[in-house]
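Hi there,

Here is the model I promised to pass on.

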Amino acid sequence: MTQISEYEMRLKRFLDRPDVKENFIKAFVKRLLWRLHWATTNKPYVIPFKTSLKISIPKTGCGSLIYYQGYSELETADFMMRFLRPGMTLIDVGAHIGEYTLLAAQVVGESGQVHGFEPTPKLFPILSENVRMNNLRNVHLNCMAVSDRTGDIEFEVFDDPSISSIRKQVTSGSEQLVKVATTSLDAYLSQINTKVDLIKVDVEGAEKLVFEGAEKLMSLPSSEAPVWLFEYSPHAYQSFGYLASDLFKLLHHHNYNILQFADNGEIKDFDPSIVVNKVINLIATKDKTRFFNMFQNQQLSETLS
């Protein structure tokens, strides 16, 4: 059997990319421009984003995904565009450089609000600049972590900032530890006094801490309680000393139903007994009927537009 070289494997991965299959020349030129930019400067790359927005992206894996495919997670963007409506409020916990903050701000409009949280020292300035250069006055940014308490907390910063997080129980030694401000969602929302429709949580395994700091919010009746979109990663959960079942128990205690948002856009009940070998998005909602009506109607309105 002929052994495939590393070069041939990389070439095959390149040719299998959806954008390459769609338009080889365009995809090739785009990659050339990406390499030329970073060969001449270390400054973030400002590119067109969504309909009329711009976004400044760093030289990271997440940045390259936004550059090549539009978003770092296509399913997350798809969910937001199909769920959010003008006048709604989003809480973006783990806003990173703001791709979903920007998207949501455009969808909810001037009558809506977006509250973003990002404690990573290298990312918050980029997030702030992305909001500033798009003149998004409905966005409120917070350079802090979200946890189960207010105060200060140790935060792990890695070379790839997308995997930075609140300090885990066991550290790898490759991270830099810094102290950052932290708040709970209950404490924060008691100050802004607004109804929240959707909370997106991407905190590299610290999801349970976020939920534990939102007991009052989660206790609201189904007509007022927010929908949650959060990452499901049992391995990451274990690094914080808890199991996925612990998180589900907390959600079920507050009468939340757990749904899965699949890659193909299908939403279905989540079966926790199924082994999942990759990070996926889960949805928590108290009223499944109301949620499906809202989500499907939004999809229909997009089809008609």
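This is a predicted model: local features need pLDDT of at least 70, side-chain atom pairs count only at pLDDT 80 or more; totals for chains, interfaces and linings use all residues.

Below is what turned up, starting with the sheet.

Residues are numbered from 1 along each chain as its sequence is written, and side-chain values use heavy atoms, with hydrogens and water left out.

Eight strands make an open, mixed sheet in the order E5-E4-E3-E10-E11-E14-E12-E13. Strands (E, at least two residues) and helices (H or I, at least four) are DSSP runs numbered from the N terminus, and two strands pair if DSSP finds at least two bridges between them. The edges are E5 (139-142) and E13 (267-269), each pairing on one side only. E12 (residues 257-261) pairs with E13 in the antiparallel sense over three bridges, and Gln-260 stands opposite Lys-268 in E13.

Now the cysteines. There are zero disulfides in the structure, a disulfide being a pair of cysteine sulfur atoms within 2.5 Å. The sulfur of Cys-62 lies 17 Å from the closest cysteine sulfur, in Cys-143, which is too far for a bond. Cys-62 is buried at 11% relative accessibility, whereas Cys-143 is partly exposed at 41% (buried is under 20% relative accessible area, exposed over 50%, partly exposed in between; 1.4 Å probe, protein chains only).

Finally, Ser-56 sits in strand E2 (residues 53-57) and is buried, with a relative accessible area of 6%. Beyond residues up to four places away in sequence, Ser-56 touches (heavy atoms within 4.5 Å) Pro-44, Tyr-45, Val-46, Ile-97, Ile-126, Asn-130 and Met-133.

Best wishes
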